[in-house]
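Subject: Structure for you to look at, with notes

Dear colleague,

I am handing over the structure we spoke of, and my notes on it follow directly below.

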Amino acid sequence: HLTMDETLAMNRQNVHDILAVGLNPEKTFIFANTDFIDQMFPTVLQIQRRITVKECMSVFGMDQRSSIGSMSFPAMQAAPSFPSLFRGNVFPSDVSDSMRCLIVCGIDQDPYFRLTRDVAPKLGFKKPCMLHSRFIPSLQGVQNKMSSSSPETAIFLSDTPEQIKTKIMKQAFSGGRATAAEQRIHGADLSIDVPFHYLQAFLTDDEELEQIRQDYSSGKLLTGHVKQRLVTLIVE
């Protein structure tokens, strides 16, 4: 379990991540639940009344060993989906409850907001809409996801260029073959190749990406070349 200090440090790192996406700080309202709880609590209470323990157990796999914090968190996660939470703060005091929220999230967050959509009509709100973003996999394999608590699985904005290079060259799981000779004959398995998955996420030049796909899968490119291209891209 993380300490509160560790959680707050991750919170600050998350703010850096959000701004790095390109959101305008002048038009972006970023808050922590712990700092905004007085504004959130009335809406949280309304949501809590309408989510049963049975639903939490069914949707999230909770059981009698789950903490009451786990049981109460879905309501905290759902609350910012509704405009009433931000009246007199982000929005005017007379903002309409018909305003609809668009949530961009990873698929792992989907259960929270499906439950939110079920609750919304009971509160007189519009159901929020969702866009599922693609997961950036762990450096250790495409079946895993990055974890901020396991530095070897992820690349952080705070990493130095040398740290980024070391992580990609040494930690990123490759779909390449055991030897260069085999690679040139059979090509790489792109479905499990982490560097190529990262290039798909970050390389904006579609023509270059397609050329890498063709050359890497056919054996014209070796893993080292692809990893080095990724290093350059991420550092830039």
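A salt bridge is taken here as a side-chain nitrogen of Lys or Arg that lies within 4 Å of a carboxyl oxygen of Asp or Glu. Please keep in mind throughout that this is a predicted model, and that the pairs described below come from that model.

By this rule the count comes to 6 salt bridges, and I describe some of them here. K167 pairs with D159, and the closest N and O atoms of the two are 2.9 Å apart. Is this pair made of buried or exposed residues? Buried means under 20% relative accessible area, and K167, with a relative accessible area of 13%, is therefore buried, as is D159 because its value is 12%.

A further salt bridge joins R229 to E208, with the closest N and O atoms 2.6 Å apart. R229 belongs to helix α10 (residues 223–235) and E208 to helix α9 (residues 206–218), so this pair ties together parts that are 21 residues apart in sequence. R229 is partly exposed, its relative accessible area being 24%, and E208 counts as partly exposed at 25% relative accessibility.

Turning to the overall layout, the protein has 10 helices and 4 strands, and from the N terminus on its elements run α-α-α-α-β-α-β-β-β-α-α-α-α-α. The C-alpha atoms fill a box of roughly 65 × 45 × 35 Å, taken along the principal axes. Of the 236 residues in the protein, 31% are buried, while the accessible surface comes to about 14500 Å², with 53% of it belonging to carbon and sulfur atoms. Among contacts between residues at least 6 apart in sequence, 58% join residues at least 24 apart.

How do the strands β1 and β2 pair, and in which sense? β1 pairs with strand β2 (residues 129–132) in the parallel sense, over 4 bridges, and the bridge partner of C105 in β2 is H132. Between these strands the chain passes through helix α5 (residues 110–123), and this β-α-β crossover is right-handed.

S81 sits in the loop between α4 (68–78) and β1 (102–105), and S81 is buried, with a relative accessible area of 4%. What does S81 touch, once its neighbours within four places in sequence are left aside? S81 is then in contact with C101, I103, F113, T116 and P128.

Key:
Residues numbered from 1 in each chain as written. Predicted model: local features only at pLDDT ≥ 70, side-chain atom pairs only at ≥ 80, totals over all residues. Heavy atoms only, no water. Buried < 20%, exposed > 50% of the residue type's maximum accessible area, 1.4 Å probe, protein only. Helix = DSSP H or I, 4+ residues; strand = E, 2+ residues; numbered from the N terminus. Contact = heavy atoms within 4.5 Å. Pairing = 2+ DSSP bridges. Right-handed = clockwise from strand over helix to strand, strands pointing away. Areas by Shrake-Rupley, 256 points an atom, 1.4 Å probe, with all protein chains shown as cover.
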